[in-house]
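Hi! Could you open the structure in your viewer and keep the sequence beside it while you go through my notes?

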Amino acid sequence: MAQRFYYIDGNRIGIVEVPEQFHEALAYKAIAMGYKDPRNLDINLAQYFDMEYEKCLKMGKRYAKSQRRRGGFIVPHEY
């Protein structure tokens, strides 16, 4: 099930639906940011989780491209 995330851009509020298979990408990014914090600084772990995030991001972009429709529909009409 896709998770809904809300964002605010100026005066607009938007909804982004993230498919379930990409939820862990968000966790990878958050973990990497945590290891970049000076209180928990560990560059090796931060780089590892950044690489895992990038892998998921690449898969997500490929998934998004495959879900697009190519071309239009031909709909018959009676005149």
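Here are my points, starting with the whole chain and moving on to single residues.

1. **Before you start.** This is a predicted model, where local features need pLDDT of at least 70 and side-chain atom pairs count only at pLDDT 80 or more, while totals for chains, interfaces and linings use all residues. Residues are numbered from 1 along each chain as its sequence is written, and side-chain values use heavy atoms, with hydrogens and water left out.

2. **The overall layout.** The chain has 2 helices and 2 strands, and reading along the sequence gives you β-β-α-α. Helices here are DSSP runs of H or I with at least four residues, strands are runs of E with at least two, and both are numbered from the N terminus.

3. **Surface and contacts.** The accessible surface of the chain is about 7200 Å², and 56% of that belongs to carbon and sulfur atoms; the areas come from the Shrake-Rupley method with a 1.4 Å probe, and for residues only the protein chains shown count as cover. Of the 79 residues, 16% count as buried. Buried means under 20% relative accessible area, exposed means over 50%, and partly exposed is in between (1.4 Å probe, protein chains only). Among the contacts with a separation of 6 or more, 25% are between residues 24 or more positions apart, where contact means heavy atoms within 4.5 Å.

4. **The largest pocket.** Its volume is about 240 Å³. Its lining includes Val18, Pro19, Phe22, Leu26, Leu57, Lys61 and Tyr63. The elements giving two or more residues to this lining are helix 1 (23-36) and helix 2 (43-66), and helix 2 has the largest share, with 7 residues. By type, the lining divides into 10 nonpolar, 1 polar and 1 charged. (Ala, Val, Leu, Ile, Met, Phe, Trp, Tyr, Cys and Pro count as nonpolar, Asp, Glu, Lys and Arg as charged, and the others, Gly among them, as polar.)

5. **What "pocket" means here.** On a 1 Å grid over the protein atoms alone, a pocket is an open set of points where a 1.4 Å probe fits, with protein on both sides within 12 Å along at least five of seven lines; lining residues have an atom within 4 Å of a point. Grid points are joined across faces, edges and corners, and the volume is the space filled by probe spheres set on the points.

6. **Ala25, on helix 1.** Find Ala25 in helix 1; it also lines the largest pocket. Is Ala25 buried or exposed? Ala25 counts as buried because its relative accessibility is 8%. Beyond residues up to four places away in sequence, Ala25 touches Tyr53 and Cys56. Ala25 and Gly60 are 35 residues apart in sequence, with 9.2 Å between their C-alpha atoms.

7. Asp50 is in helix 2 and is buried at 18%. Leaving aside neighbours within four places, Asp50 is in contact with Lys29, Ala32 and Lys36. Glu52 is found in helix 2 and is buried at 14%. A polar contact of 3.1 Å joins the side chains of Glu52 and Lys55. (That means a pair of N or O atoms within 3.5 Å; within protein, one must be able to donate a hydrogen and the other to accept it, and residues adjacent in sequence count only if both atoms are side-chain atoms.)
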